Amino acid sequence: MATRCSFENSHEVGVFSALTNSYCLAGIGGNENFYSVLEAELRDHIPVLHSTIAGCRFVGRTTVGNVRGLLVPNTTTDGELAHLRNSLPDKVVVQRVEERLSALGNVICTNDHVALIHPDTDRETEEIITDVLGVEVFRQTVGGQALVGSYAKFSNQGGMVHPRTTVQDMEELSTLLQVPLVAGTVNRGSDVLGGGMIVNDWSAFCGMDTTGTEISVIESIFKLQRSGTSGAQAMDIVMDMRSSLIDQLS
């Protein structure tokens, strides 16, 4: 299921955390509330660890990873790199990347099989992504935006893209990724999906501003239905909400 949370006073939870099927990273904050929410939901399945990158806590935008590996920018200190390697599961490869576009979370979007990258990403970085994360790599834009990591979010179950993405582009991306896609928003209309939420194959966390309709769409496309709620029931809920919104606006 999808859980609403916030990092201190920010609803951009994807900026301060990163989530995969084998680990979760959380930036070091002034209080432990955000970390506690992540740990309560995930600790039975995967490790949740505090981390910084170059002394900064926006770990979600500077790193990118999947079940096999984690890529960090060249600004990462030796101590931070050692902490990540010691704390993450042994099967996860941690690799420092010499990339000009150093906010890796903004320029790369990946699941366990396919990665979309910014068209201007270095060739060497593309090869590292293929080797470390074990994925097929495609240079793409999403809704005319080159920052694919900011404007798209996908797991092995499904994905969301920028609300201005055309149907033709969505079909092309869905064919590349081999998962169903939907155009959507988070945090009451924000199109910055990568910054507004984190997701893996069984859970999602989004900002406190996220509306009930947005939560329903997230749970439906990422197949995160609450226990006892079938897919058909979830779609009925979404349709009811859409109908009520249309009634209010008309």
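Phe7, Phe16 and Phe34 form one aromatic cluster. Rings of Phe, Tyr and Trp (for Trp, the six-membered ring) count as a pair if their centres lie within 6.5 Å; planes under 30 degrees apart are stacked, over 60 edge-to-face, and the rest tilted.

Some background. This is a predicted model, where local features need pLDDT of at least 70 and side-chain atom pairs count only at pLDDT 80 or more, while totals for chains, interfaces and linings use all residues. Residues are numbered from 1 along each chain as its sequence is written, and side-chain values use heavy atoms, leaving out hydrogens and water.

Back to the rings. Searching the whole structure gives two aromatic pairs. Phe7 and Phe16 are stacked, at 4.3 Å centre to centre with 5 degrees between the planes. Phe7 and Phe34 are edge-to-face, at 5.4 Å and 80 degrees. Phe7 sits in the loop between β1 (2–5) and α1, and Phe34 in helix α2, so this pair ties together parts that are 27 residues apart in sequence. Helices (H or I, at least four residues) and strands (E, at least two) are DSSP runs, numbered from the N terminus.

Buried means under 20%, exposed over 50%, and partly exposed in between, with a 1.4 Å probe and protein chains only.

Next, the core. A nonpolar core is a set of buried Ala, Val, Leu, Ile, Met, Phe, Trp, Tyr and Cys residues joined through side-chain atoms within 4.5 Å. The largest has 16 residues, and Phe34 is among those with the most contacts inside it. Helix α2 gives the largest share, four residues.
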